[in-house]
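Q: Could you walk me through this one before I set anything up? I'd like to start with the overall picture and then ask about a few residues.

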Amino acid sequence: MKKITILLVALTLPFAVLAFDFAKPSEPSGKVVLSEYSEAKQLYQVKLIEVNGENVPVRAHAVWLKPGQYELTLSAQIGSSAKKNLSIRDRSGMSDRENTLNLTVEADKTYYLAYDARPKNHDDWKPIVYKVE
């Protein structure tokens, strides 16, 4: 049993060392909400993939970040009704698109992110901050 515990610690240690240091809600931080969106307004959910080029465990609801500037890499969760209006070429290109958003986080603020699919030109679809509280 002791050998298994040591093996598990050894295997997870590199990931723990490389993991991005998210703030705790009790620390000075800004909240980034990823799960509130409105398909009726063509604003779709995003999932957090990277922070400042560093892979993070996929986050789909909310994270707290220390005050500062960040480059967030996001994955768009486009609804099926929006995808029906896309050509096959546009649909296949959605996964290849670089979905980054630069965000300056201030303490005690909440940032609501979504993927904006309102522009008629699909190339102009991108992640946005649609509300700050």
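**Notes on the model**

Q: Where is Gln-45 found, and is it buried or exposed?
A: Gln-45 is found in strand β2, which covers residues 43-51, and it counts as buried because its relative accessibility is 15%, where the cut-off for buried is under 20%.

Q: OK, zooming out, how many helices and strands does the chain have?
A: The secondary structure of the protein chain comes to 3 helices and 8 strands, and from the N terminus on the elements run α-β-β-β-β-β-α-α-β-β-β. Of the 133 residues, 34% count as buried, and among contacts between residues at least 6 apart in sequence, 68% join residues at least 24 apart.

Q: Which residues touch the most other members in the largest nonpolar core?
A: That core has 22 residues, and Leu-48, Leu-65, Leu-72, Leu-74 and Leu-113 touch the most other members. The elements that give two or more residues to the core are β2, β4 (62-65), β5 (68-77), β6 and β7, with β2 giving the most, at 4 residues.

Q: And what is Leu-113 in contact with, leaving aside its neighbours within four places in sequence?
A: With those neighbours set aside, Leu-113 is in contact with Val-32, Val-33, Leu-34, Glu-36, Val-46, Leu-72, Leu-74, Leu-101, Ile-128, Val-129 and Tyr-130.

Q: Switching topic, where is Pro-119 found?
A: Pro-119 is found in the loop between β7 (110-116) and β8 (126-132), and it is described as partly exposed because its relative accessible area is 27%, which falls between the 20% and 50% cut-offs. Leaving aside neighbours within four places in sequence, Pro-119 is in contact with Asp-124 and Trp-125, while its C-alpha atom is separated by 9.3 Å from that of Gln-42, a residue 77 places apart from it along the chain.

Q: Last one: where is confidence lowest, and where is it highest?
A: The mean pLDDT of the protein chain is 80, and 70% of its residues reach 70 or more. Confidence is lowest in helix α1 (residues 2-18), at a mean of 52, and highest in strand β6 (residues 100-105), at 96. Over residues 13-18 pLDDT stays under 50, and the model has 1 contact beyond four places in sequence for them. Where pLDDT is low, the predicted coordinates should not be read in detail.

Definitions and conventions
Residues numbered from 1 in each chain as written. Predicted model: local features only at pLDDT ≥ 70, side-chain atom pairs only at ≥ 80, totals over all residues. Heavy atoms only, no water. pLDDT = per-residue confidence, 0-100. Contact = heavy atoms within 4.5 Å. Buried < 20%, exposed > 50% of the residue type's maximum accessible area, 1.4 Å probe, protein only. Core = buried A, V, L, I, M, F, W, Y, C linked by side-chain atoms within 4.5 Å.
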